[in-house]
Structure formats: C-alpha cells, structure tokens
Amino acid sequence: MRVPAGLRPDVGATSLRALRIFVLASATVALLLFAAFAGYRYQQMQREAEVRLQRTLAIAHEHALRVLDTNETLLRYAMALVRGEDDAAIVARRGALHLQLKEMTAGKPQVQSIWVRGPDGRALVTNRSPDPDAAANVSDRPYFAWHRDKRGGVFVGSVMDGQGMGFFNISRGRYRSNGDFAGVVSVGLFTSYFSQFHAQLAADEPGVAITLFRDDGLVYSRWPELANQPPRMSPKGEVLSRVIAGETAGVIRSVSSLDGQERLILFRKLGDYPVHIGIGRELGVIRSEWIAELARVAGFVMLPVLLLVFAAYVALRRTRDAIDAARRLQEESVARRQVEEALLQAQKMEALGRLTGGVAHDFNNALMVIAGNLHLLRLAQPAAPPKYADAIGRAVESATKLTRQLLAFSRRQALAPEVISLQERLPSLRDLLQPTLGSGIVLEIAVEPSTPAIVVDPAELELALINLAVNARDAMPDGGRFRLSAGSSKGAKGTQVWIEAADTGEGMPPAVVAKAFEPFFTTKPLGKGTGLGLSQVQALCRRAGGDVTLDSQPARGTRIRLHFPASELQPAPGGAAEAATGPIGKSVLLVEDNPEVAAVIVPVLQKLGCRVVHRDSADAAVEYLGQADVQVDLLLTDVVMPGGSDGIELVEHVKSRYPGLKVLVMTGYAERIDTIAAMGHEVLPKPFTPRSLSEALQRVLAG
C-alpha cells in the first residue's frame, strides 16, 4: 500500500489507534452513565407508582368500607323496625313500614332495595313497593339458606340483575327470642356505584385497574370493564391464592387472572366483611413512561456527547481515508473489471438461454408430430416389422432427452413438481444408475433418515442424477467408487436438503471448474458429450429454489452437491395405482395453433373414444364456446398461440364463464408455468406420449 506524502505509516497507524480509542471511550462512558441513570430511574418510578397506588387504595378502601358500614346500619335499622313481631303484625303495618324503609334509603344512590322476608322466604315488606309480591319465594337462594341454617353474621351474596343493573345483597338473619328462625333482612347494593367511583379515582392514573371481589374470587365490580370479563378470579392467580391463604393485605407483581396484563397489584380486606378491594397498575405503562422520560433526557444530555463522538469519528474517517486512498483506487479498479466480466457472462448466458429455449420449443412440436404419427402408424400397421419403427422411437427418445436438457438450461421447461421422499427415491434409482456406471464402478447410496422431503420434478431429478453418473463414469475409466448421499442442514435460508454425488475420478483443474456449468462446454472427445449435463443440473436446482456447488481437484475426485429448500409437505403414499388408460368417451375442445401437432392429437383422442373439436386460436375457441348448442366436457389447450389471446387468457375466460368445464394445459415452453399452477390446473409437458395424455385426461376428469 502506498502512503500519501507527508504521512508515515507508523504515525498514521498511531493516530488511527488513538482516534479509535477516543471514539470508543467517549461512546462507552456515555452509554454506561446513561444506563446507570436509566436503571436508577426505573426503580425510582416503580417505587413512586407503588406509593401512588397505596394512596389510591386507601381512598378506595375507605369509600367501600364506609358504604358497607352504612348498609350494615340500614340492616340493623330495618331489623329494629320489625323486631319481636310476627309475620301477621308486619303485614298489618306494611304501609307504614314501607314508608319508613323508603325514607331510610332516600339520598343513598348505592342502595338498590331493602327487603324483609319471612321464614318461608316470601316478601313481607320492601322500600320498592307498598304491596310486594307475596308469591315471590327466595327460600332456595344461598343467602337465605345460610341464615336459615343459623351460620350467623353478615352474608355478602352473588351479583344479580335487577331492572337491567347489577347488584348484590348484604343480608342478616332474623331470629325470635327462643332462637327460632324468623326470616331475613337484606339490602341490595348497585355494583355500578363502586365502578363509577373507581373510574373517577383512576382518571389521572393511566393503566390503573380497581377490582372489588369476594373472598372466593367472585368479582363485584371492576374498572375498567372488560369486553369478556370472567365472573370470578382464577384460584391459581397469586392475588386470590394469598387471600385464600388468609392474607388481609399484600403487594405483588403478577399477571392479572382477569385480563392477562402484568401489573403491580395491591389488595386489602374491607374490615370484617368477606370482601377485598384490589388495585393494580400495568407495568407496561410504567415502562412506557420510563422510556418517554429517558427519551427526553437523551434529547438534552446525549446531544453534546454525540457531537463529541461525531467529531472524533470525522477525524478518524479523514485519517483513514488518507491512508487508504491508494488501496481503494486499486480495489475499485479490480472490482470494475470483475463487474464488466460478470456482465458479459450474464449477457452471454441470457443470449444462449433465449436461443436454446426457442430452438427446443420448436423442436418439441416436431417431436410431437414424429412420436404421434409413429404411434398411429403402429396402430394402423400392427403386423409391420418393428425394426424401423423402434429405431425411430429410440431417436425420438434421444432427441426428447436433449430438448429437456436445453429447456432446463434456458429455464423454460414445463415441469411437473412433486413432493419427493429421498429415502424412497434415491435407493430406487440403483437399478437405473448401476448399468450407466458399468461393472467396474462401485455404487453407494446413503440417505440420512431425518432428511425432509423436497419439491422437484422427479423426471428432471432422475435426469440430473443420470448426468452426474455419466460424468463420473467418464472420469473413472479404470473403475472406482461413485457415492450418492443425501441429508439436511440448517442455515440462514432455513432447512436445506442436499444431494451429493462424489466420485474417485481424475478430478478437474480450477480453469475447468470455473466453466463447468456453462452450456456446451465439455472436455470430452467429439461425440462423447453435449456439454449440457451440468447446466441441466444447475437449472434443476435453481428452478426448485436452490443451487448447486462443485468441489474438484486433479487426482482427488469430484464432489457435486445439489441444494434444495426443505418441504413441510408429505409425499403421497407409495404404491398408488396409475390412472387407467381405457376409453374416456368425453367431448374435448382442442386448441392448438400447429396443424401438424393437432393432426396427431386428434386421432389419439378419438382412439380414446372422445368427440374432438379443434380450434387454432384462443379467440376461435371463445367464439365456439359461446354458441348456444355447444356441449364440451374438457378444454385441452396450448399456451403460446398467435392472435390477440394466449392459452392463459383462454383458461381465465373459461374459469370465469364456464366453471364446470375441466381444463388441461399442454406446453413445451412454460415461461408462465407459475401462473398456470396458481390457477390450479394440471400441465402436460410436450412432447407427451398417448399414454401420458390419457392418464392426464383421466386425472383431470376425475376431479
């Protein structure tokens, strides 16, 4: 590295170290001081919140206790009015007693009603009406049974509904001089009276909740009210657990059993009544206030510190820029050359992709015509010598394999991805790969039991592994070992499944490794390879959302690893029977612009018992479907066609206008294959055999 004039390397390095230490120290000291202040302030705010809650609880406790004591006094006054009198005497004075009770409750908004009931549970007198309904019987109520059983004391009842408002009773038993049960006197209290007072009390304290509850967890009132408030507190909650254990007051930090919020909670018992009042404040609100205060403090305190750090940072940057200027210029020059080379390579690959994709697409149609007419020829001349027909068939298979490699490289191959279990798929390929490798090469296959499934076209995967086996065989002319293994690993992109093909062959030098995935690049003699094998493997992985890596050294063999994203789906159960290939007998609308391809497909469909109507464009098909007397069971359409609309637009039209019409899409050039898959329609890749066409028709018609 060349250092600018006037700046020695040792002086520059020392200056950089000093500036770095200064910047780090400034930021560290400021952060430590701020963190210490933040911790102290958070503890202080929690203590202040607890003090405010103690004051609020004291007010709420005093208010609730005063209300209960007032109503206890009303109970005693009411009992004194009827003490020593039997039911007949009380009924005889009902009018006067009603007025007295009504006068007692005047100006007391918390009182819902006062009732005097006889030993049979029927009403004798009340403040609500001069002539209460004597037929109303409360002898089955818990509070009445409590006093009838002479369990003594005040009974605080459950919440009831009266005239659309919730209330609860506080009652005492009436007993004659000889100890016999004479009835019950009860005072009803509105729950809303407490919640309204608590709302005013908590108005200036955000996040505060106040609850009035019985010893067994029954909730009388809560502010704020919840949309789906449970009627009782959970016995597993810490507050009710302490109350049940006999504690009369406490301070806890816990999660509320009513709304699930973490709170600082205080509770206290109301005198001798079996009632507690609790108040809590959300810790999240305290934290929010704490964060807001820290933000305000930071806005004033941190600004000078940041300016100091920034000044030191600017000085550091300038010094470092001066020292690194020459190195950056050199790195930029190297990077520019690399970018230019990468751009040229990308342009070359894109041009090759378009060329091979276009050629392979047209070649697919030609193969369709040859293979289809060969099939029809065999049906028409079953007694003809098979020698020449078989030769044509082998040539078609070889050409089909070549076009699949071309289309896979150009990423225009119409694939049929499936969920594949490698534990089942790879071992089943042994009989296919061993003849390819030959007897001099040992084949090993191992799959980790925990390997997840992948989503890939099984035919493309099989072709890729055959290509790797062929390359391994050619790299080991004197024999060796070819190991095919699979497993999974976790990384930044989630769980990845890998398939590795390793051989003990002659390996490749770095210059060959750099070009190994280029299409048509090969080191094999003329006629021994096309140079498309590894490009097909790379295209397969990238189409499936993964990639491929290659590790090879001369005389040390080659290791190629295919990476795929793991699938959460499960493979279909094995052993499923193939679709039947018998007569179909349906009406089919064939949309194919190539007349020679259509001339092959039509007789194949007719051999399957189908009634076929052929149209050469999407617009012609739409016009045909719009006729009044047309009856079509299935639409079989190509994707790429001349005219104003293509196969995708035709399928969208059929889906909206004729939802009951079955659709099968065929293509050999599927740039819009994802669109077809998203629409939920099956794709039949070209070129296809009559059996493949029959099976696809059976699957689509079956639903």
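Good morning. Please bear in mind that the structure on display is a predicted model.

By the rule applied here, the count of aromatic pairs comes to six. One of these is Phe168 with Tyr220, a stacked pair with 4.1 Å from centre to centre and 25 degrees between the planes. This pair links distant parts of the chain, since Phe168 belongs to strand β4 (residues 165-175) and Tyr220 to strand β7, 52 residues apart.

The rings of Tyr193 and Phe194 are arranged edge-to-face, because their planes stand at 80 degrees, with the centres 6.0 Å apart. Phe194 is buried, with a relative accessible area of 1%, whereas Tyr193, at 23% relative accessibility, counts as partly exposed.

Let me turn to the sheet that contains β7. Five strands form an open sheet in the order β7-β6-β10-β9-β8, with antiparallel pairing. Its edge strands are β7 and β8 (249-255), each of which pairs on one side only. On average, neighbouring strands of this sheet are turned by 20 degrees against each other, direction ignored. Within the sheet, β9 (residues 262-269) and β10 (residues 275-282) pair in the antiparallel sense over seven bridges. Arg263 has Glu282 in β10 as its bridge partner. Helix α5 (residues 191-201) lies across β6 (208-214), β7 and β10, and runs at about 30 degrees to β7.

Next, the nonpolar cores. In soluble globular proteins, nonpolar side chains tend to be buried together. Which residues of the largest core touch the most other members? They are Leu189, Leu212 and Leu270, out of 46 residues in that core. The helix that gives the most to this core is α1 (residues 9-82), with 13 residues. Leaving aside residues up to four places away in sequence, Leu212 touches Ala64, Phe194, Leu218, Val219, Tyr220, Ser221, Leu270, Val275, His276 and Ile277.

I now come to some details of the backbone. Most residues other than glycine have a negative phi, and most peptide bonds are trans. The peptide bond from Trp223 to Pro224 is cis, with omega near 0 degrees. Pro224 lies in the loop between β7 (219-223) and α6 (238-244). Lys150, in the loop between α4 (142-148) and β3 (155-162), has a positive phi, near 60 degrees. Ala555 also has a positive phi, of about 70 degrees, although it is not a glycine. Ala555 is found in the loop between β16 (547-552) and β17 (558-565), and it is exposed, with a relative accessible area of 72%.

Finally, helix α18. How far apart are the end C-alpha atoms of α18? They are 16 Å apart, which agrees with the 16 Å that 12 residues (690-701) should span at 1.5 Å a residue. The buried residues in α18 include Leu693, Glu695, Leu697 and Val700. An α-helix has 3.6 residues a turn, so residues three or four places apart point the same way. After α18 comes Gly703, whose phi is positive, near 110 degrees.

Thank you for your attention.

Methods: Residues are numbered from 1 along each chain as its sequence is written. Side-chain values use heavy atoms; hydrogens and water are left out. Helices (H or I, at least four residues) and strands (E, at least two) are DSSP runs, numbered from the N terminus. The expected span of a helix is 1.5 Å times one less than its number of residues. Buried means under 20% relative accessible area, exposed over 50%, partly exposed in between (1.4 Å probe, protein chains only). Two strands pair if DSSP finds at least two bridges between them. Axes are lines fitted to C-alpha atoms, for helices over the stretch in contact, and angles run from 0 to 180 degrees between N-to-C directions. Contact means heavy atoms within 4.5 Å. A nonpolar core is a set of buried Ala, Val, Leu, Ile, Met, Phe, Trp, Tyr and Cys residues joined through side-chain atoms within 4.5 Å. Rings of Phe, Tyr and Trp (its six-membered ring) pair if their centres lie within 6.5 Å; planes under 30 degrees apart count as stacked, over 60 as edge-to-face and the rest as tilted.
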